[in-house]
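Subject: Structure handover and notes

Hello,

Here is the structure for your files. My notes follow below it.

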Amino acid sequence: MKKNQMATALLLSASVAFVAAPISYAAEASDAEKQAEEVTKKINALTNNSTAEQVYAARFAYNALSAEARALIQSNVIARLVAAEERLKNAQEAAEKKAKADAEAIELMIYRLTYSSSKEEVYAVKAAYDELSALAKGRVTSQSYLYLTKLLQEIAKQEAIIAAAKASAAAFDRYMANVTRQSSGTMLANARSYYNRLSYEAKQYVTTISKLERLEEAYGKNPSGPPKQPTHPNTKQEDLTGIVEVKDDSRPASLSYIPDNEYGTIVPDSSADLQFVRSGDELFAYVPADIIYYQQQPITITSSNGVEVKLPIQDLKGVSGTVAVTLTVENDKFYFSTKARGNDISFREYVEITLPAQEFKVSRNAIVYKIEGKLKRTRVPLKVEKDAFIVKAKTSGIFEAIVNQSASIYSDIEGDPNAYYINELGRRGMLTNATGSSYLPKKVVTRAEFAVMLARAANLSSSSATPFNDVRGKAYVKEVQALHEAGIMPGSGRVYYNANGQITRQQAAVILDRYLEHLGVDVYQISRAGNLKYTDVYMLTEAEQKSIALMDTLDIFTPSKNGEFRPNATLTRSEMARILYITMELANLL
């Protein structure tokens, strides 16, 4: 009996195994069918208008199938895929052929142009190039495109020359509006000198030369005699010959100057409206020598898209000849250049470059660096306005904005009264974390930390060897040395800086007084408006009291409630953030 039961069990076990295998195989076949069905739908969806991406996707899906699933795809479906690929191949070959022909046609048009071609002719070729497909543009040789670009730049430069000439003429005409029959001979002579300094192009746009000639003729008949020689504050030579006539209209005669009479020196002053001219992504402008010579205020160049460049006038006074200004903005980078006679101009004061947000596409948390080399970048001051960024630079170069990823990530400033200032300066990269994500707002500021923060804010750095033993070899040596050289924050002795020493409120007031003056803020005029009302500062020197009065007038320091300044109290990192932020605002660096 047991033997029969065992035999039956073995027979049933074998039957189950025999049945289970086909069931597993059927499940696998079902998966293959499902995959084949999905790929079939993808291939059948292809039409004559299908994109290359769609055809490539169908082929990729088919190739990814297992051999078993491929065997389930019907031959007519595979033929449809092959036909789509053939159409795509033919279309691509046709597109390549057309792109090549279009590129050759454009290159022929480009090389028919010369530097004597009219603006309309060059612009027509540029418009034809812009209408090319991306494929055809890729077939135009770089030499051809570069030649077209140079022609466009040449036209832009010619237009910039005309724009500068018109600005010079308009400035002269505005000056002449103040010259009348009652004007002195000296003023007439100044007007004639002004006109003689204009370029040949500018003279063509002057509308008041006949007025000047009539006044000169009327004055010549006056018994008092001809106009006196023009005067200028930079007078070094004497010449009593009167007005010097211009022999060559294209090259105005140089004039010497004599001291004016008892009525004082009369200096022509003009303001010019200079405009950028665009060529592709580049903006061009020329600043004529006559505008530089006569204008007393910073020179501003504007563009229709809101770009503005403001050049310090005093730095340009020492430049000989016309100044060429170029600006190219591309997303988060821009190139800025100022040249005279082909040489870059370095400025002692900041050049202000205003870039609208739609042109300079960067985050408000960005920090702007000047690219000095492959591995060297120098941060430059950046002022963020509602719809624009104002970058301040002193030299030509390439500038790039980089988002500060660690901006405003301080874990220990919640509830701090100066949290706003800490966050704002932090996202601009002007503060350093003391440890990790902590700012340590209650920590007392050292002299080295104070120097680094001030130097970073004004982009001050020095590569000169430092005389201070306790600074040499430190990470902050360049900042400390820069402030020492500028006379803003000298050392405690000839060879000792006291870098780890603490800063008192009185010391900080004196340093910030010098700092603001170095940045061009008229601290003398401001400080006179302040009333020294503290009860604990009368034992200080007059200079120290003056600095504290300035801090009070500008609301840089927070006084105590009992009317004391607390000159010997130390500064915390929290207080330093507020002080630095307000100081930078006053210096127009924020």
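Which residue forms a salt bridge with Glu-85? The partner is Arg-59, and the closest N and O atoms of the pair are 2.7 Å apart. A salt bridge here is a side-chain nitrogen of Lys or Arg within 4 Å of a carboxyl oxygen of Asp or Glu.

Before the rest, the basis of these notes. The model is predicted, so local features need pLDDT of at least 70 and side-chain atom pairs count only at pLDDT 80 or more, while totals for chains, interfaces and linings use all residues. Residues are numbered from 1 along each chain as its sequence is written, and side-chain values use heavy atoms, with hydrogens and water left out.

Salt bridges

The count comes to 16 salt bridges. Helices are DSSP runs (H or I, at least four residues), numbered from the N terminus. Glu-85 is partly exposed at 24% relative accessibility, and Arg-59 is partly exposed at 23%. The classes are buried (under 20% relative accessible area), exposed (over 50%) and partly exposed (in between), with a 1.4 Å probe and protein chains only.

Helix 4 also holds Lys-98 and Asp-102, which are 4 residues apart, or about one helical turn. Their side chains form a salt bridge at 2.7 Å, N to O. Lys-98 is exposed at 53%, whereas Asp-102 is partly exposed at 25%.

In helix 5 (residues 119-130), Lys-126 and Asp-130 are likewise 4 residues apart, about one helical turn. The closest N and O atoms of this salt bridge are 2.8 Å apart. Lys-126 is partly exposed at 22%, and Asp-130 is partly exposed at 39%.

A network of salt bridges links Lys-443, Glu-449 and Arg-573.

Helix packing

The axes of helix 16 (residues 505-518) and helix 18 (residues 542-553) come within 8 Å and cross at roughly 75°. Axes are lines fitted to C-alpha atoms over the stretch in contact, with angles from 0 to 180 degrees between N-to-C directions. Helix 16 is therefore roughly perpendicular to helix 18 (65 to 115 degrees).

Regards

Note on methods: Helices (H or I, at least four residues) and strands (E, at least two) are DSSP runs, numbered from the N terminus. Angles under 35 degrees count as roughly parallel, over 145 as roughly antiparallel, 65 to 115 as roughly perpendicular and the rest as oblique.
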